[in-house]
Amino acid sequence: MPLTVVPTPIGNLEDITLRALRTLREADTIACEDTRRTGRLLAHYEIKRPLVSYHEHNEERLAPELAERARAEKVALVSDAGTPLVSDPGYRLVRACIEAGVEVEVLPGPSAAMTALVASGLPVDAAVFLGFLPRKGRERAVLLDRMRREASTFVIYESPHRLVKTLKELPLETPVAVCRELTKLHEEVFRGTAGEAAAHFAEGVRGEVVLVIRGGTAEQPVDFEEVVERARGYVAQGESPSRAAARAAKESGRKRGEIYERLVKA
Ligand code: SAM
């Protein structure tokens, strides 16, 4: 008997496959993050199967036990929304099954990351999924730097409270798409530059957000006038001239002092 990984809707309840519904209906056990939440989803489809709570706090302990159970009976794994394992619990269970020689079957289905990437209008040929960025520290700085330099499309799960902060840490002209409340009533896809998006969402953002970023913009050659213009943009966003000059200098390779001088002279 396999462990079956079953994606569930990220908003619109119609986004579930026939195969996913059949798998859930036939499961002996459904492992889920939150039994109440999955209970509501199952009630909507009139499915009644035993639920086991499997979440980030007990997954290490439960994974081997659930893998053994999947050897003898049908175990389905779901998360609160979207595809399990994708910034959600499940990785340890899949590993435990692989190590125990238990078959793992994965159903294709909804994921906010893939939906946002396709909706973004940004190139999809080379895409990098980063999940949630670290909130601060060196690891975050390294990833932001990578996004400035690497010509790939980056997909990030972002908390609505941190969206504007992250946008302001990108070069002003970076092409981005902010995908909010996908498949839900208030779905919004904002496409523009990081500067435009920061201004658009300056008043606050609600709901769930995926930020899609076209990387590699810091690699483009920029002339001095453009660099100064960029620094002016940072000042307009509320940064001090000295911080704006430092940021534009870092992004462009031009001297901080000369940018600062032009900024304050103007
Ligand atoms: N496993 C899920 C998936 O496959 O999409 C992601 C789970 S992760 C804990 C939750 C994050 O996914 C949210 O903070 C948000 O960034 C993103 N997300 C989930 N549903 C979304 C939606 N309907 N619209 C936009 N972003 C969404």
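The C-alpha centres of domain 1 and domain 3 lie 50 Å apart. The assignment of the protein chain, automatic or from a database, lists domain 1 (3-106), domain 2 (123-137 + 150-216) and domain 3 (224-265). This is a predicted model, in which local features need pLDDT of at least 70 and side-chain atom pairs count only at pLDDT 80 or more, while totals for chains, interfaces and linings use all residues. Residues are numbered from 1 along each chain as its sequence is written, and side-chain values use heavy atoms, with hydrogens and water left out.

The ligand lies between domain 1 (3-106) and domain 2 (123-137 + 150-216), because both give residues to the shell around it. That shell holds 19 residues, the closest being V86, D88, A112, L182 and V209; a residue is near the ligand if one of its heavy atoms lies within 4 Å of it. By class, ten are nonpolar, four polar and five charged, with Gly counted as polar and Tyr as nonpolar. The strands β7 (153-158) and β10 (209-214) each supply at least two shell residues; strands are DSSP runs (E, at least two residues) numbered from the N terminus.

| Residue and atom | Ligand atom | Distance |
|---|---|---|
| S111, side-chain N or O | oxygen | 2.8 Å |
| Y157, polar side-chain atom | oxygen | 3.0 Å |
| A81, backbone N or O | nitrogen | 3.5 Å |

Taken alone, the ligand exposes 570 Å², and the protein buries 89% of that (Shrake-Rupley method, 1.4 Å probe).

Terms used. Polar contact = N/O pair within 3.5 Å; in protein donor to acceptor, adjacent residues only side chain to side chain. Helix = DSSP H or I, 4+ residues; strand = E, 2+ residues; numbered from the N terminus.
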